[in-house]
Amino acid sequence: MTVERPMFAEMFVEESADPRIDVPTGGDEKAMLAAFLRWQRQTLRLKCSDLDPEALARRSVSFSGLSLLGLVRHLADVERRWFRRDLAGQAAEPHFSREDHADAAFDDAAPVAETVSEAWRLWQEEVDFADRFVAAAESLEVTGRDSWRGTITLRWVMVHMVEEYARHNGHADLLRQGIDGAVGL
């Protein structure tokens, strides 16, 4: 009996149905970083597509609170922290994590339609804010203040956000494959 191995290098969806916009191979640094970050954000949305709340909140292994819904909630908080709080200087508390429970974005990710729609709404609000901030920034040298790192630049935040999404999209790949077997770029 031969077991067919999944093709990880194939596209997650047919190329004509892929909503992601290719990253330009040239151009200015700000536009390229914005495009890489947009690609990673769109990949998260794609990996979570067509799943019901139960599947989105499913944890893949018993020792971890990691779920696709938890990732969406976590990344809403990450976007909020770096762009809204640290770069824009707004008083912006996390949407989901709490001082007394840093992993609440994951642990409180309940398989309820309202919880899912709230997570996507808040994530999109933070992505939209970040996109507006980046578009309005005169350069990648715009600075902000982070409680851990001190002075940070928009360049550093954008590179960090690409890394953050890429790491978590790797988790999303495994989670999605565990839910319905779907694999691909």
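Helix H3 covers residues 68-87, which makes 20 residues. From its first C-alpha to its last it reaches 27 Å, close to the 28 Å expected at 1.5 Å a residue. The expected span is 1.5 Å times one less than the number of residues. Helices here are DSSP runs of H or I with at least four residues, numbered from the N terminus. The model is predicted: local features need pLDDT of at least 70, side-chain atom pairs count only at pLDDT 80 or more, and totals for chains, interfaces and linings use all residues. Residues are numbered from 1 along each chain as its sequence is written, and side-chain values use heavy atoms, with hydrogens and water left out.

H3 has a kink of about 30°, centred on Arg 81. The bend at a residue is the angle between axes fitted to the seven residues ending there and the seven starting there. H3 is also mostly covered, with 18 of its 20 residues buried. Buried means under 20% relative accessible area, exposed means over 50%, and partly exposed lies in between (1.4 Å probe, protein chains only).

Two arginines sit over rings. The charged end of Arg 81 is over the ring of Trp 82, 4.1 Å from its centre. Arg 84 lies over the face of Phe 129, at 4.1 Å from the ring centre. A charge counts as over a ring if NZ of Lys or CZ of Arg is within 6 Å of the ring centre and within 35 degrees of the ring normal.

Phe 129 leads on to helix H5, residues 113-136. Rings of Phe, Tyr and Trp (its six-membered ring) pair if their centres lie within 6.5 Å; planes under 30 degrees apart count as stacked, over 60 as edge-to-face and the rest as tilted. By this rule there are three aromatic pairs. The rings of Phe 129 and Phe 133 have centres 6.5 Å apart and planes at 25°, so this pair is stacked. The two residues are four apart in H5, separated by about one helical turn. An α-helix has 3.6 residues a turn, so residues three or four places apart point the same way. Phe 129 is buried at 11% relative accessibility. Phe 133 is buried too, at 16%.

Val 134 is also in H5. Its relative accessible area is 8%, so Val 134 is buried. Leaving aside neighbours within four places in sequence, Val 134 contacts Lys 30, Phe 83, Leu 154 and Met 158. Contact means heavy atoms within 4.5 Å. The C-alpha atoms of Val 134 and Glu 79 are 12 Å apart, though 55 residues separate them along the chain.

Next comes helix H6, residues 154-180. Its 27 residues should span 39 Å at 1.5 Å a residue, and its end C-alpha atoms are 38 Å apart, which agrees. Just after H6, Gly 181 takes a positive phi of about 80°. Just after H3, Gly 89 takes a positive phi of about 75°.

Ala 91 is in the loop between H3 and helix H4 (104-107). At 84% relative accessibility, Ala 91 is exposed. Its C-alpha lies 38 Å from that of Phe 12, 79 residues away along the chain.

Last, Thr 43 belongs to helix H1, residues 29-47. Thr 43 is buried, at 8% relative accessible area. A polar atom of its side chain lies 2.8 Å from the backbone oxygen of Trp 39. Leaving aside neighbours within four places in sequence, Thr 43 is in contact with Arg 20 and Asn 169.

Methods. A polar contact is a pair of N or O atoms within 3.5 Å; within protein, one must be able to donate a hydrogen and the other to accept it, and residues adjacent in sequence count only if both atoms are side-chain atoms.
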